[in-house]
Amino acid sequence: MILIPYVVLALAGVLLNTFSHKPIWSFVGYNLVVLPLGLVLSALVAEEGADAVRETFQITAAVAAGMLLLSNWKPQLFSRMGPCLLGSLLVALAAEVVTYFLGGGLQIMNALVALIFCGYIGYDWARAQMRPKTADNAIDSACALYLDIINLLLRVLASRSRRRD
């Protein structure tokens, strides 16, 4: 029951963040993404345990930092990855739906989608560095990076919890 309101709020937040050119509305959109996700994450912490979440956070932070460094080193490479990343994510999500109904292979899908979000971290960071330095662009970039990093964290956590099962 939590997922439906979360998805609606997150989509509204992403749309508001993306299409608004005023910092205040972008910030409202950012909060529509971040605050409901906090509820989802708190439920995961309760389910998975603080130690597992802390270890997952450490792995995610190290990978994200590495992707930011790579993106600073090769910004031209990462800035051209957008269409490829989007196509890869859409194919992976469609394959994940099919795999879910056929019953298997979700571990591999988590790893593939985690790799795609690694690419998105570098892409969104490179894109943020090329945009004009405005409050609206800063909020938009923060929202994009937040979603990239949280999605990576969720995929790593899902892989770890399935491996324990």
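How do the residues of the lining of the largest pocket divide into nonpolar, polar and charged? The points below take up this and related features of the model, which is predicted.

1. The lining of the largest pocket comprises 25 nonpolar, five polar and 10 charged residues. The pocket itself has a volume of about 1,500 Å³. Of its 40 lining residues, Y6, F117, L147, N151 and L154 are the closest to the centre.

2. Five helices each contribute at least two residues to this lining: helix 1 (3-19), helix 2 (23-48), helix 5 (82-102), helix 6 (106-130) and helix 7 (135-164). Helix 7 provides the largest share, with 13 residues.

3. The structure contains four salt bridges. One of them joins E96 and R155, at an N to O distance of 2.6 Å. Because E96 belongs to helix 5 and R155 to helix 7, this pair ties together parts that are 59 residues apart in sequence. Both residues are buried.

4. Another salt bridge links D51 and R54, whose closest N and O atoms are 2.2 Å apart. The two residues are three apart in helix 3 (residues 50-73), a separation of about one helical turn. D51 is partly exposed at 49% relative accessible area, and R54 is likewise partly exposed at 45%.

5. In helix 6, R127 and D124 are also three residues apart, about one turn of the helix, and their side chains form a salt bridge of 3.8 Å, N to O. R127 is partly exposed at 35%, whereas D124 is buried at 7%.

6. D136 is buried but has no salt bridge, the nearest oppositely charged side chain, R131, being 5.9 Å away. Leaving aside residues up to four places away in sequence, D136 touches S20, H21, K22, P23 and S26.

How values were computed: Residues are numbered from 1 along each chain as its sequence is written. This is a predicted model: local features need pLDDT of at least 70, side-chain atom pairs count only at pLDDT 80 or more; totals for chains, interfaces and linings use all residues. Side-chain values use heavy atoms; hydrogens and water are left out. On a 1 Å grid over the protein atoms alone, a cavity is a set of points where a 1.4 Å probe fits but cannot get out, and a pocket is an open set with protein on both sides within 12 Å along at least five of seven lines; lining residues have an atom within 4 Å of a point. Grid points are joined across faces, edges and corners, and a volume is the space filled by probe spheres set on the points. Helices (H or I, at least four residues) and strands (E, at least two) are DSSP runs, numbered from the N terminus. Ala, Val, Leu, Ile, Met, Phe, Trp, Tyr, Cys and Pro count as nonpolar, Asp, Glu, Lys and Arg as charged, and the others, Gly among them, as polar. Buried means under 20% relative accessible area, exposed over 50%, partly exposed in between (1.4 Å probe, protein chains only). Lys and Arg count as positive and Asp and Glu as negative; His and the chain ends are not counted. Contact means heavy atoms within 4.5 Å.
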